[in-house]
Amino acid sequence: MNPTPEASGLGAVQARAGGPGAAAPSPREILLGAQARTGSIPVCDHYSGVEARMRKSLQLQAEMAQEFGACVFDVTLDCEDGAPVGGEAEHAALVAELALGAAPGARVAVRIHPADHPAFAADVETVVGRAGQRLCHVMLPKAESVQDVEQAARALDAAGAPRLPLHALVESPAALHRAFDIAAHPRIQSLSFGLMDFVSAHGGAIAAEAMGVQGQFTHPLVVRAKLEIATACHAHGKVPSHCVVTEIKDAAAFRAAAQRAAREFGYTRMWSIHPDQVRIVLEAFAPQQQDIERAAQIVVAAARADWAPIAFDGKLEDRASYRYHWQLLERAHQTGRALPGEVRHWFQPPHH
C-alpha cells in the first residue's frame, strides 16, 4: 500500500533521524558502496576549442544554470584539438584565463594534450597551475595504460591540484584491453569512448560508416568497445561517458543516439559538440516524472524503516531496489528535473 503523504514526508524522516534539524546520513552514504558510487556529475560534457565557441559555451552554461537552479552540464575547454599547431602555449593561456573568469559555480574542465605529446607538461603547468582551483576535472586523451594515468596524476599533483579528478579517453584497441585497469585507478572519475580515433586505429579494417550515427551502434567491434567501457566503469564505480555524434545538424539522429546510449548501452553521461545538443542530452538521460515520484516515495519509506526491507504497492523493496531508486533521483537532479518536496533536502548544499 502507498504510504500517505504525511507518513512519507520530510517530517517523518526527520523524526526517524531524531527530529527536525537532526543530522542524518544521506541515502548516498548508506546505499552506495564503492562499486555503485558512480559520482554525481552532470550527464552532459560539452566540448569547445575555438575562442568564440568557448566563450559562448560558458555563457550558455551560466544561462542554463540560472534557468535550472543548478549547473546541469560541464564545459570542457579543448587544448588537444582546439590549439593550432605551433600555438599550443597561447591557447593554454587562453583556456586558463577563461576558466578563471567563469561564473561562480561553473563546472569548467580542460582537455590537455596526450601524455606523450610535447605540449603535455606545458598544458598542465599553464592551465592547472594557474586555474586548477576553478576546474572540475582534467580530460586525458589517448590514455593507453595505467602508466599514462599515473603520469598525468603526478603532473596534476606537481601543479598544485592533488585532488583534481582525471577523466580519460579510451581510443585504441590496446587501451580498450586495459579499460578495466584504467577505470580502477583511484584518480579516474570517468572514461569516455573516442569513437573516431578508435575506428581509425584499426588501419582501415573498420569501415568509415562505423563513425556515423547509425554504424557506431551496429558495427560489432565498435559495439563491443562501447559495452566494455561502460562495464569497466560500472565495475569500479566510475562514470561511462558516451562518444560524440558528428551529425550536428540532425537533431533527430542525435536524440536517438543519446537515448540508445542511455537505455541500451549503460552510459550515464554523453559528449556534446554543438550547443543544440546539450538539452537533447539532458532530456535523453533524464528519468520520467512518474518514475521520479515513485522513487521518491520508496526512498522516503525506506528511510522511515531505517533501510530495512519494506512492502510497497504489494512488492518487496530492499537495499538493492533502494539503491536503484536513489540513483534515479540523483540522475533527475543532475538533469534539472523537479524533485518531490519530501526528498529535496537531500540535495541541498550543506550550510556552514
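1. The model is predicted: local features need pLDDT of at least 70, side-chain atom pairs count only at pLDDT 80 or more, and totals for chains, interfaces and linings use all residues. Residues are numbered from 1 along each chain as its sequence is written, and side-chain values use heavy atoms, without hydrogens and water.

2. The chain has 14 helices and 10 strands (DSSP runs numbered from the N terminus: H or I of at least four residues for helices, E of at least two for strands). Its C-alpha trace spans about 65 × 45 × 35 Å along the principal axes.

3. Of the 352 residues, 52% are buried (under 20% relative accessible area, 1.4 Å probe, protein chains only). Strand 4, residues 135–140, is mostly covered, with six of its six residues buried.

4. Strand 4 pairs in the parallel sense with strand 3 (residues 108–111) over four bridges; pairing requires at least two DSSP bridges. Val 108 stands opposite Leu 135 of strand 4. Helix 5 (residues 120–131) carries the chain from strand 3 to strand 4 in a right-handed β-α-β crossover (clockwise from the first strand over the helix to the second, with the strands pointing away from the viewer).

5. Strand 4 also runs parallel to strand 5 (residues 166–170), joined by three bridges. Met 139 has His 167 in strand 5 as its bridge partner. With helix 6 (residues 146–158), strands 4 and 5 make a right-handed β-α-β unit.

Methods. Buried means under 20% relative accessible area, exposed over 50%, partly exposed in between (1.4 Å probe, protein chains only).
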